Amino acid sequence: MTMLGGGVSRAISHHFRDCDLHFHFTLTYCAFQTFHLSSPRLLKSCWPDIAITQKHNRVSSNYRCFGTPSKPPGEIPLLFDCFSQQREDEREILSDGTSAVAGGIVALGKFDALHIGHRELAIQASKAGPPFLLSFVGMDKVLGWVPRAPIVAKCDRKRVLSSWVPHCCNKVPEEFRVEFSSVRHLSPRQFVEKLSKELRVRGVVAGENYRFGYKAAGDALELVKLCEEYGMEAYIIKSVMDKNRSSADMNSVTNPKEKGQVSSTRVREALAVGDMKYVSELLGRPHRLIFMATDQESYSTGQYKISASRSCILNLPPKEGLYEKCSLLHDQENVVQCRVVIDSKFVHIETDYGGLSDIFDSQNLQFLHIEFGDSGT
């Protein structure tokens with residue numbers, strides 16, 4: 001996906017470095033409710049048929065969903081084809097020279113965790129048109145940050161987005177990415193102009209704390225104003241708060257602007273302490289860990305146990321420890337109940353049912369998927 005960026009002010013913990021106000025856009029990811037920027041009065045939470053358009057200075061109800069979903073509702077791929085998706089994700093311009101997001105509604109953010117806040121952005125976008133998650137890539141390289149493991153494996157993102165179909169007017173949100181280096185120095189006006197004239201999007205969705213443009217010079221109010229000038233719709237939504245943690249718990253988050261909203265930082269912190277129930281609440285789904293075998297020695301198997309090197313992990317695991325009530329997914333229909341033990345070098349998958357070595361004998365399992373239950377270490 002190619003995110004253009006700009007910024008949504010992340011308002012979250014130590015990952016606030018991802019939104020350094022001195023040299024780039026800030027991105028707020030969070031879940032949301034819609035509200036009119038010209039009025040402080042909030043509308044009812046997440047009504048499925050309410051959208052607010054500053055361009056027309058009105059609230060429109062019974063907003064029609066349109067477009068045909070690429071897959072029937074409920075048909076969620078288990079995602080064993082990582083490489084084909086990586087090729088798809090890199091597209092920015094179609095063969096006829098048009099933008100892949102032309103005519104669409106783009107949600108602005110940095111969608112690392114694909115948590116319930118990000119899902120709410122996609123829901124709001126889907127009410128107004130074809131939904132896209134617009135973000136940018138290459139920030140680590142440009143800003144010299146140390147790379148870190150993603151919360152969601154790249155090859156698993158399509159499965160997660162497909163699971164949002166029932167929430168998104170039977171549409172699958174698509175991802176679109178823009179190189180950070182191409183938008184880093186754009187002013188707020190230049191950024192909106194790029195959305196309008198180059199990418200030709202029809203509208204944008206952003207959080208109430210959204211900041212964008214060079215040195216995060218623009219806010220949500222300016223975004224609405226600029227979108228109106230360029231003939232685009234702008235939907236600003238209120239952050240979804242984390243109702244399962246008290247404000248006192250937020251003192252553990254280093255970002256002083258943390259307001260208690262759902263964030264990728266909270267997901268990372270919950271994984272760091274092994275609180276998988278909390279992780280599931282933030283994500284709106286169980287956390288899935290994916291392994292990719294690099295050679296024949298990557299996995300060691302027995303009838304009741306599989307051990308995989310941590311070097312094979314494609315995304316962020318929870319802390320070391322024992323996790324009960326997990327699932328090993330080895331094809332699109334079969335699930336083996338298991339427990340997972342994570343140590344400093346390996347991840348061990350154990351089951352009381354046996355037959356694990358038979359699975360490996362009958363299938364070429366390059367990828368291994370583990371889904372965590374609600375038990376914590």
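Reader: Which residue is buried, with a relative accessible area of 19%?

Author: That residue is E350, where buried means under 20% relative accessible area, exposed means over 50%, and partly exposed lies in between (1.4 Å probe, protein chains only). This is a predicted model, in which local features need pLDDT of at least 70 and side-chain atom pairs count only at pLDDT 80 or more, while totals for chains, interfaces and linings use all residues. Residues are numbered from 1 along each chain as its sequence is written, and side-chain values use heavy atoms, with hydrogens and water left out.

Reader: With which side chain does E350 meet in a salt bridge?

Author: A salt bridge is a side-chain nitrogen of Lys or Arg within 4 Å of a carboxyl oxygen of Asp or Glu, and here E350 meets R339, at 3.2 Å from N to O. R339 lies in strand β15 (residues 335-342) and E350 in strand β16 (residues 346-350), so the pair ties together parts that are eleven residues apart in sequence; helices (H or I, at least four residues) and strands (E, at least two) are DSSP runs, numbered from the N terminus. R339 itself is partly exposed, at a relative accessible area of 24%.

Reader: Which residues are linked with R339 in a network of salt bridges?

Author: The network links R339, E350 and D352. Between R339 and D352 the closest N and O atoms are 3.1 Å apart, and D352, which sits in the loop between β16 and α9 (356-362), is 13 residues away from R339. D352 counts as exposed, at 58% relative accessibility.

Reader: In which order do the seven strands of the open sheet stand?

Author: Two strands pair if DSSP finds at least two bridges between them, and the order here is β11-β17-β14-β15-β16-β13-β12, with antiparallel pairing. β11 (288-292) and β12 (299-301) stand at the edges with a single partner strand each, so one side of each has no neighbour in the sheet. Within this sheet, strand β14 (residues 321-329) pairs with strand β17 (residues 367-371) over three bridges, and S327 stands opposite E371 in β17.

Reader: Where is confidence lowest, and where is it highest?

Author: Confidence is given by pLDDT, the predictor's value for each residue, from 0 to 100. The lowest mean, 30, belongs to strand β3 (residues 58-61), and the highest, 97, to helix α4 (residues 157-163). Across the protein chain the average is 75, and 68% of the residues score at least 70.
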